[in-house]
Amino acid sequence: MENNVILSVKDLRVVFEDGFVALGGVSLDIGKNEFVTLLGPSGCGKTTLLRCIGGFEKPTSGEILYKGEDIIHLPPYKRAINTVFQRYALFPHLNVAQNVAFGPDLRGEDKKKTALEVSRMLEMVGLAGYEKRKISSLSGGQQQRVAIARALINKPDVLLLDEPLAALDLKLRREMQLELKRIQRESGITFIFVTHDQEEALTMSDRVAVMRSGEILQLGTPEDIYNEPQSAFVADFIGDSNILAGTMVRDRLVRFLNCEFPCVDGGFGEQAEVDIVVRPEDLKLRTMEDPIEGVPQGVVESLLFKGVHYEMKVRSGDSVLLVHSTHARPVGTRVKMFVAPEDIQVMHKSDCSPDVLKRHADRAK
Amino acid sequence: MNWKRRIRKAYIGLIMAFLYAPIVMLILYSFNNSKSRAQWGGFTLKWYRELFTDEAIMGALGTTLSVGFLAAAISTVLGTFGAIALFQMKRRPRQAMMSIVNLPMLNSEVVTGVSLMLLYAMAHIQLGYVTLLLSHIAFCVPYVVLSVMPKLRQLDPNLAEAAQDLGATPLQGFFRVILPDIMPGVFSGFIMALTMSIDDFVVSFFTTGSGVSNLSITIYTMAKRGISPKINALSTIIFVCVFVLLIGINLQDLKKDDGSGKKVEKVRIPY
Amino acid sequence: MKNKALTLPFVLWAMIFIVVPLVMIVWYGVTIEEPIPYTEIIQPDGSVIYELENGSRTTEKPWQKRAVVSLSNFKRMLEPTYLRLLLRSLKVAVITTVICLALGYPVALILTGRDFKRPALWLMLLILPMWMNFLLRTYSWMSILENSGILNSWIARLREAIPVLDEWLLARGVRRRIIFLYNENAVILGMVYNYLSFMIMPIYTVIEKIDRSLLEAAADLGASPAKSFMRVTLPYSLPGVLEGITMVFVPAVTTFVISQLMGGGKVPLIGDIIQNQFGKSSDWHFGATLSLLVMVVVLAFMGALGRIDKEDEQSKEVRIL
């Protein structure tokens, strides 16, 4: 792993002049050919981190090692890293080909060679034959592709993408997600991708870093992040979830919704206050006739058809739980709820637990 | 309904007549072979001949043009970089600087003229061509800033960064990306500065000296003494030049809008 | 590029050419010149030695002057002569502004309507005379209105051709040569001619930007054209009107060219007096005091129109260089 690392961020801090801490000591290793996504709500520092790597923001302290060398003092134009900006930042007075050829032209490369390379790049992003078109005549998706081609023609080892799909409509966004993934695989370039869209992050990335308030809360594969969130914030941010306050009775036994559940987690200490995440699809509803004992009961309060599944809200005491199931239960039905031990994710309390718990409790109103 | 429309058109016609009548008169009488305006003495070009041999007027014309183009060029450079400097400042200092830069536009020309004259007096600079040029630059720069600033605001905020990202130094980025993009603003700033400079009398009056006088000052002294048909000839030439220049500048824009009824016509007229 | 390398020259320029000159006006305005004080010491041999305040002595009578802070120029400014001049300047400027607004607003309104296929072209033609030199524009009216000017010669010819008319006019006390120039009306005419486009342009720009769907919506809701003008066009065009008023009033209140050429020096305005102080009378201090007065009048006027604090639309900091 160690010699596979291409970019290494070490204890990076960015404090703005007004005292706002944009990044509070972030460390991150990124491997060759990896697709890493920085995911978080606006203001979490993900764009600041990207801008530091690109050279557009000067960190207050910390290191950014590129192939083992500190590049913090290099201006953007001396870094072998290219960026795709949120609103593409294409040069409006140049046509498509001139935009793509901007980097090679600056380096004084052979015009004919560049022209060939430009055509090859445009073909790769699906814009073959668009060379002479004006930027203003392109659609958002096409501009996006030009921006990618303009960056890739410089053969960077690392490509930074700052919410590049945010301005596109849903359908186009899905298309571009696949397209980007394909380009990354074919080109073998490391992608660092910034987004606030968790679905986007989960579908495209090799690894996801979930950020909040200038820190990385959790770094892992999309499966890890989804199935084993390490804090209420991550659980809440990624996908739909039920987040509940609970108590660890002892290792492998947790109490919430006034019932005790066997689980797979331990090491929290006896009677420790914890947060519990149960994904809506992991809550199984049983009829009252089911012989299962010692599980919470509830009443179906609402039922929505969502295409692939039904979404139900089930009230149990003070809590309202979100349930996804392919099986509809009419509103008013009394049900028993069952959760498999491996589907219960137990987490330490964190500073944002109160917020998240309150929001989830508000669903009950 | 039709008569209302006719009234509206007639009104515009009347205003046009008011604005053009004196100019038409000047042009007509510039060909009049009689020194008095009271009678028509036949067609002649002698006033034009006299005009071109009048060293005072020709010298003044030269001064006006050289000061105009120099002041416009220098203030365009200064104003463009100034606008960028202002644009990059933090909010508070920017607002403070903006109010300072706007002062000459808020102030009357008399105050600007007098204040610059006192400045040169304090610095013991002899009034003449240099002070005239400096003063014209001084009152032109704010207009350039004014016309470049909106273009900067319209810029994609990542444009300069994108250029640097692709390997351009900040200066390369400026000349290859930023400047072409804000060019319309820079150009209209230049034209505005040129017009302001050529048109100016008041500031020039206070800040020139030692025999250096531009067209405005020369006409002022001549007009106080009485009217000379040579000035009619001069006016005619200037009017024709301006007419050709303005039509030329705007012809392309007007052509572009041909046919497309909905598109709002844009005309570059500094005012 | 370092921000300072860009900012510093510009700030320096603004200081030297905007701030310092204004400070100079204030300084000259609140000071007067007086001879430096000295005491005469009569020597035993009868010769006189002059001792200055700093103790240095000379045998020659000191001639230097020095500037001392004094408000006497402000007192002088408040003398009826000058106040009357100021009042006349204000009156002339206000009349000019009102006429320009009354003539110019309909022009802007008509041009933005549907009567003209090429409104911008017409606007350009209306503005074109303004591209000629300011002095030439004024001069052109002089040559028409002069006592022996074009208009009078035409009138004279008309009267020669129609003796009845001539007699009728003479009976009414209208002289053969009508004096058009050298009075307040001529000055106002010159100002209106020179500044009319300053009124048309900003109003046109603002009305042109009004969303047509607003007017259509007003009509749809049953507003008559007059009503939708009062409710939509007029309020939306107000910023342009204010800008136009400023652009006409400020030069009108301070000009001295038009009053001298069209008024022939018989209608002196405050600008003429300022110009005099820097010319014939050569009292720079009083000239500066009067300039201060003009500055205050103009700033007060703009303050009243709420045009000084233009809001700053830019919220984000962006680096370009």
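These legends accompany several close-up views of a predicted model.

**View 1. Chain A as a whole.**
We start with chain A, whose 365 residues include 41% that count as buried. Its secondary structure comprises 10 helices and 20 strands. Along the principal axes, the C-alpha atoms of chain A fill a box of roughly 80 × 45 × 40 Å. If you look at contacts in chain A with a separation of 6 or more, 66% of them come from residues 24 or more positions apart.

Strand E1 (residues 5–15) of chain A runs antiparallel to E2(A), and eight bridges join the two. To find your bearings along this pair, look for Ser8(A), which stands opposite Asp29(A) in E2(A).

Because 10 of its 13 residues are buried, H5(A) is largely enclosed by the rest of the structure. The buried residues include Gln143(A), Gln144(A), Arg145(A) and Arg150(A), along with Val146(A), Ile148(A) and Leu152(A). Ala147(A), Ala149(A) and Ala151(A) are buried in this helix too. Around them, the packing partners in chain A are strand E6 (81–84), helix H2 (96–100), helix H3 (102–106), helix H4 (111–124), strand E7 (158–162) and helix H6 (170–187).

**View 2. The contact between chains B and C.**
Two pairs of chains touch in this model, and the pair with the most contacts is chains B and C. Here 81 residues of chain B are in contact with 80 residues of chain C. On the side of chain B that touches chain C, the elements giving two or more residues include helix H1 (2–29), helix H3 (55–88), helix H6 (129–154) and helix H11 (229–256) of chain B. H1(B) gives the most to this side, with 14 residues. By class, the residues of chain B on this side divide into 58 nonpolar, 12 polar and 11 charged.

**View 3. Where chain B meets chain A.**
In this view, 15 residues of chain B are in contact with 19 residues of chain A. On the side of chain B that touches chain A, helix H7 (159–165) and H8 of chain B each supply at least two residues. The largest share, five residues, comes from H7(B). This side of chain B has six nonpolar, five polar and four charged residues. Chain A and chain C, by comparison, have no contact joining them, and their closest C-alpha atoms lie 10 Å apart.

**View 4. The two domains of chain C.**
The domain assignment divides chain C into domain 1 (3–73) and domain 2 (74–146 + 181–305). Taken over C-alpha atoms, the centres of these two domains of chain C are 40 Å apart. Where they meet, 10 residues of domain 1 are in contact with 11 residues of domain 2. The side of domain 1 that touches domain 2 draws two or more residues from each of helix H1 (3–29), strand E1 (31–35) and helix H2 (72–77) of chain C. H1(C) gives the most to this side, with four residues. By class, this side of domain 1 has five nonpolar, four polar and one charged residues.

**View 5. Gly211 in a loop of chain B.**
Our last stop is Gly211(B), found in the loop between helix H9 (202–207) and H10 of chain B. Gly211(B) counts as exposed because it has 8 C-beta neighbours inside 10 Å, and the cut-off for exposed is 12 or fewer. Asp181(B) lies 30 residues from Gly211(B) in sequence, and their C-alpha atoms are 43 Å apart in space.

Conventions. Residues are numbered from 1 along each chain as its sequence is written. Chains are lettered from A and ligands numbered from 1 in the order in which they are written. This is a predicted model: local features need pLDDT of at least 70, side-chain atom pairs count only at pLDDT 80 or more; totals for chains, interfaces and linings use all residues. Domain bounds come from an automatic or database domain assignment. Two residues are in contact if their C-beta atoms, placed from the backbone, lie within 7 Å. Ala, Val, Leu, Ile, Met, Phe, Trp, Tyr, Cys and Pro count as nonpolar, Asp, Glu, Lys and Arg as charged, and the others, Gly among them, as polar. A residue is buried if 20 or more other C-beta atoms lie within 10 Å of its own, exposed if 12 or fewer, and partly exposed in between; C-beta atoms are placed from the backbone. Two strands pair if DSSP finds at least two bridges between them.
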